[in-house]
Amino acid sequence: MDKKTLNELDFYRIREEISSFCQSEESVFMMQRLEPFSSPEEMKERKALSREWFSYYSASSSASRIQGWSSVYNTLKSLKVQGFALSLAQVYELGQFLKSIEKITLSIKNASQKLELNNLLSLLETIPDITLPSSLIFQIITPEGELRDLPSIRAIREKIAGLNQRLKALLFSYTSNQKYADILESTVPVLRGGRQVLAVKSGRRSSIPGIIHELSASGQTVYIEPEECVLLSNELVEQEFLLDTEVRKILFELTQNLSPHAQNLKESLKIMEKLDITSAAALWGKENGGIWAEDAGEEDTLRILKARHPLLREKAVPIDVSFMKGKRVLIITGPNTGGKTVTLKTIALFVLLNQAGFPVLAGEGTCLPFFTNVFADIGDSQSMDESLSTFSGHMKNIARAVNYSDQNSLVLLDELGSGTDPLEGSAISMAVLDRLIEKKAFVLITTHQGVIKNYGYTKSECINASVEFNSESLSPTYRILMGVPGESHALEIAKKSGLPNQIVKAASQYIVSEKADVSSLIKGLTKKHSELDELTKNLTEKEEALLEAEIKNREKELELKEKEHKLNKNFQSESQEFIEESRKKLENLVRILREGEITREKTLGVKQFIADLENEAEKIDQSIEDEEEDLTLARLEIQEMSKNRVSHKKTKKKTSNKEALKNASTFAFSEEDKKRAGASFTVEEELYFRPGQDVLAGKAKTPGVLVSQKGKGKWLVQLGAISMVMKESDLILVPHQVSTLADYEVCYSGESASSSSRPEFELKLLGLRAEEAIKRLEHQIDLCIIHNFKNFGIIHGKGTGALQQTVRDYLSHCSHVKDFKFASPEDGGFGKTYVELY
């Protein structure tokens, strides 16, 4: 991408800010040369790593950061140079680099036991084995960088220590002797030329035989090395030279041993740079409340929610910009100083940051497409060096965009059509937009040209937007209104800025009626836009009220049926008395048979009576069971309607819980399905009725679990929060896992069949987007209901508080939740929530 464009859009300033979070000089160097990636795969890899770093840092305030290291790039290059020997400082720097690798690897592995850090673990696994180089280095030096007391230098060090002790004792014999008190200027030996000497008064120099090393500036003091010390100092110099030679030999051997590992160490450095850069992006995002934008697919388009330009900090007013499907051109109009250019630059900057793998300061749900190029014409392009006027400068930038853009390009045109005659400027602007629409480029423009506002309504690919203006305070609100063009409000702003009223009134007289008509049209559209929003709100409230009324009516109907069922049960009790009386008659018949002659007619009479009795009992039992089943299913349906109403109202999901349950209940294979599945479907032959077996119950195929057998051919089935006895003929056995079927995927509350079939004691939502977190939470609650699991915890972390608030909003409106509260400080505090179900 063009460096001039990146600079105009402040990409380099934000990149510089993020680089301050890097822990090493080399990472800072690489970060300051990082530009938006030209490959979507590279972008996604960097974003995935940064997201996991964000989860890692959010999980604990004491999470270990990457340990910084000094630059080792040149040192690694030198390892291959023939005859090169590392210095002790270079060895220490290499050792610190290897320690940094070991520490962060251990920290990430430990954290991965609680967090999903698969991408970080995979990248760390690509680091070559550094065990041997690390061992070689720390055999030579201590963790503090000092040379160890190796056998080859121990004797030399001991001899040097002995010589120093003897030299110190000899000098002390001079300084402590009262005989030399009038001869010495000082009782403390000093160092001159690397040798220890005595400060002697100039007039008494002959009193201490030795070598004069230096005179003081005044000439009053002579620095003499006594004769007895000369031999000791000479021997000390010789031993220090031997020590230095031995150390150089040790370091040379170490360099030769490390040389074969140079390439592996270079690869490790590249990986550590990538880890440090993605870690810095996560730390910057955490500090500034950033998120990672979703990647726009074929069905998605550009959507920015609660966007804040990073350079405006707390002054930024969050803006929302959403493109509808099929729209490629956004035309932003409105007053000066209203935020049009800032909106343009914010959208473009977010695209660049996203494609560099960085977070953006926006709300969850922000979605950005991938662009191969970005063209921008922003600000005054006048250049005296190139003899370009303002208009010529604009045309040069626009011509480049028109000539080189394609369907994967983002084009930004600020104040399109300005700098020349308004009529000609508008004509050029519309022709340019025609060409860009033809090339299917993604275009964002700002303008004051009324003709272009009308152009936006005539083209299906365009969408108008405006910056809101408060007509009472005569100032912009900096909010973006999608679908409505804006007025420039030049007269109002001029008046507020101090232009005399006479001039403002005169200017208003020059405004032609056509212009006034356009202004009236825009005002009318703005009013209609507000009315439409209010109407939509009212319709939603009415829909909620109708649904609530329907639920109440069904509940009343269900209560009547339950009363009827109770009466039928009473009738069943009376039937039991009838059966008891019939049994007595049967006993009398048996007695008669025993007393009298057994004839065929008597035998047949007894058998017929018994058969009639059994049929009557079965009919009554069947009727009662059918009623119980119908009532249970009706109660389930009402519960799902209530759940759906709350979910739709609070979470605004496109798919309601009832629809999700319906989708989850469609597990039934035809003969054709079984044929397609082939051998993998043989698992069905092993299914049989047993406690814990998953089933689909009744005509609605409601998912359930067998609890226990309640007689021949009958089972107690757990359906959500309700248990009921059902016949085997009304149940369909389903396998616990069907992931072996390549053509099928059974879903339950948004989770795949491979997900856990039992609730978790602690549900971990760290690092998930709001929509994914709610799906996981819904699935957890459904499993808890099925398995009669009343209490569990949710680990959502603190972070920016967005995920925490999303979870608590959902729990506060979930009909199955009895109570919820934050965990105790020792168990996670505000980063964890306890949940209790009914």
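Three bridges connect strand 20 with strand 21 (residues 791-795), and the two strands run parallel. Within this pairing, Lys-764 faces Ile-795 of strand 21. Before we go further, please keep in mind that this is a predicted model.

These two strands belong to an open sheet of four strands, ordered 20-21-23-22, whose pairing is mixed. At its edges are strand 20 (762-764) and strand 22 (817-822), each of them pairing on one side only. On average, neighbouring strands here are turned by 25 degrees against each other, direction ignored.

## Helices on the mixed sheet

Which strands does helix 22 touch? Helix 22 (residues 770-786) packs on the sheet and touches strand 20, strand 21, strand 22 and strand 23 (832-837). The direction of helix 22 makes about 165 degrees with that of strand 21.

Helix 23 (residues 802-812) lies across strand 21, strand 22 and strand 23, and runs at about 155 degrees to strand 22. For those who like side chains, have a look at Arg-808 too: its charged end sits over the ring of Phe-822, 4.0 Å from the ring centre.

## The antiparallel sheet

Now for another sheet. Strands of a sheet pair through backbone hydrogen bonds, either parallel or antiparallel. An open sheet with the order 1-2-4-3 has four strands, and its pairing is antiparallel. Strand 1 (190-192) and strand 3 (210-215) are the edge strands, each pairing on one side only.

Five bridges hold the antiparallel pairing of strand 3 and strand 4 (residues 221-226). Here Glu-214 stands opposite Tyr-223 in strand 4. Helix 10 (residues 227-258) packs on the sheet, where it touches strand 2, strand 3 and strand 4, and its direction makes about 70 degrees with that of strand 4. Helix 9 (residues 151-175) lies across strand 2 (195-201) and strand 4, running at about 5 degrees to strand 2.

## Aromatic pairs and a charge over a ring

How many aromatic pairs does the model contain? The count comes to eleven. One of them joins Phe-11 and Tyr-12 edge-to-face, at 5.9 Å centre to centre and with 65 degrees between the planes. Phe-11 and Tyr-12 are buried, and together with Phe-358 they form one aromatic cluster.

Trp-53 and Tyr-56 make an edge-to-face pair as well, with 5.6 Å from centre to centre and 75 degrees between the planes. Are these two residues buried or exposed? Both Trp-53 and Tyr-56 are buried. They lie about one helical turn apart because three residues separate their positions in helix 4 (residues 40-59).

What is Trp-53 in contact with, once its neighbours within four places in sequence are left aside? The list holds Ile-66, Ile-104, Ile-108, Leu-120, Leu-275, Thr-278, Ser-279 and Ala-282.

Note on methods. Residues numbered from 1 in each chain as written. Predicted model: local features only at pLDDT ≥ 70, side-chain atom pairs only at ≥ 80, totals over all residues. Heavy atoms only, no water. Pairing = 2+ DSSP bridges. Contact = heavy atoms within 4.5 Å. Axes fitted to C-alpha atoms, helices over the stretch in contact; angles between N-to-C directions. Phe/Tyr/Trp six-rings, centres within 6.5 Å; stacked < 30°, edge-to-face > 60°. Buried < 20%, exposed > 50% of the residue type's maximum accessible area, 1.4 Å probe, protein only. Lys NZ or Arg CZ within 6 Å of the ring centre and 35° of its normal.
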